[in-house]
Structures are given as C-alpha cells and as structure tokens.
Amino acid sequence: MVPKGPQGGEGRGRSHSQKGRWAFQKADSDLNYIQHRLEYEIKANHPESAGEKNPVTLLKEMSAMKSRYQALFARFKPLAAEQKETKNRICAAVNKTMIAIQQLQKQTDLEVMLSAVSTN
C-alpha cells in the first residue's frame with residue numbers, strides 16, 4: 001500500500017528524493033520481514049532436505065543483500081540532492097530564456113508596428 005501524499009493522491013506532492021527514500025525504506029522493511037519469516041519457518045519446520053541449500057547460508061545471504069541495499073541507499077541520497085539542484089538550475093535557465101524570448105517578441109512587435117506606421 002502506498003501512503004497518500006499531502007495533496008490526497010498516491011505519491012502526489014512528494015519529490016523524487018522522498019519517493020526514493022520511501023522505496024528504500026520499504027525494501028529494507030520487506031527484507032527484515034522476509035528474514036524473520038524465514039527464521040521462523042526454518043525453526044518451525046526443521047528442514048533437513050539433502051541437496052538443498054543450507055537455510056543458515058540463505059539467511060546470511062539475506063543479511064548481505066540487506067547491507068547492499070543500505071549501501072545503495074547511502075549512495076542514492078547525495079545523488080538525489082544533486083538531481084534536485086540540477087533540476088532547479090535547468091528551470092532557472094528555461095525561465096530566463098522564456099523572459100528573453102518574450103522581450104524579443106515585444107521588441108519585434110513594436111518594430112513591426114513602427115514600420116507599418118512609417119510606411120502609411
């Protein structure tokens with residue numbers, strides 16, 4: 001279940017950084033649940049199947065996977081901040097460009113109007 005954002009819709013009003021952070025936190029929580037569930041199932045059922053992977057080894061791999069997710073999240077945080085900063089710079093450049101275009105259009109319209117008046 002995806003929690004509702006401040007504007008009522010699913011995920012609306014959240015930045016990419018917040019969505020990414022939420023996704024990694026959810027993945028971490030899911031991995032914890034799976035790990036505990038596996039531990040419970042192993043203890044409850046005592047599987048002793050020959051040829052299957054050792055459950056303890058599986059749990060260790062699960063723990064290693066969780067550590068990789070945490071490391072990935074730690075690397076993701078600064079990238080999200082950089083992405084936001086880059087987006088802000090691009091938006092500012094686009095806004096400046098739009099203002100320059102509007103000023104050029106006004107100037108061009110004025111020149112066209114002046115030349116029309118002078119030819120009459």
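Mentor: Helices (H or I, at least four residues) and strands (E, at least two) are DSSP runs, numbered from the N terminus. This is a predicted model, in which local features need pLDDT of at least 70 and side-chain atom pairs count only at pLDDT 80 or more, while totals for chains, interfaces and linings use all residues. Residues are numbered from 1 along each chain as its sequence is written, and side-chain values use heavy atoms, without hydrogens and water.

Trainee: How many helices and strands are there in the protein chain?

Mentor: The protein chain has 2 helices and 0 strands. Helix α2 covers residues 55-119, 65 residues in total.

Trainee: What does α2 reach from its first C-alpha to its last?

Mentor: Helix α2 reaches 92 Å, close to the 96 Å expected (1.5 Å times one less than its number of residues).

Trainee: Which residues of α2 are buried?

Mentor: They are Pro55, Leu59, Met62, Lys66, Phe73 and Ala80. Buried means under 20% relative accessible area, with a 1.4 Å probe and protein chains only. Of the 120 residues in the protein chain, 12% count as buried.

Trainee: And where is glutamine 35 found?

Mentor: Glutamine 35 lies in helix α1, residues 16-45. Its relative accessible area is 16%, so glutamine 35 is buried.

Trainee: What does glutamine 35 touch?

Mentor: Leaving aside residues up to four places away in sequence, glutamine 35 touches Leu59 and Met62, contact meaning heavy atoms within 4.5 Å. Both Leu59 and Met62 are among the buried residues of α2.

Trainee: Changing topic, where is isoleucine 90?

Mentor: Isoleucine 90 is in helix α2.

Technical notes:
Buried < 20%, exposed > 50% of the residue type's maximum accessible area, 1.4 Å probe, protein only.
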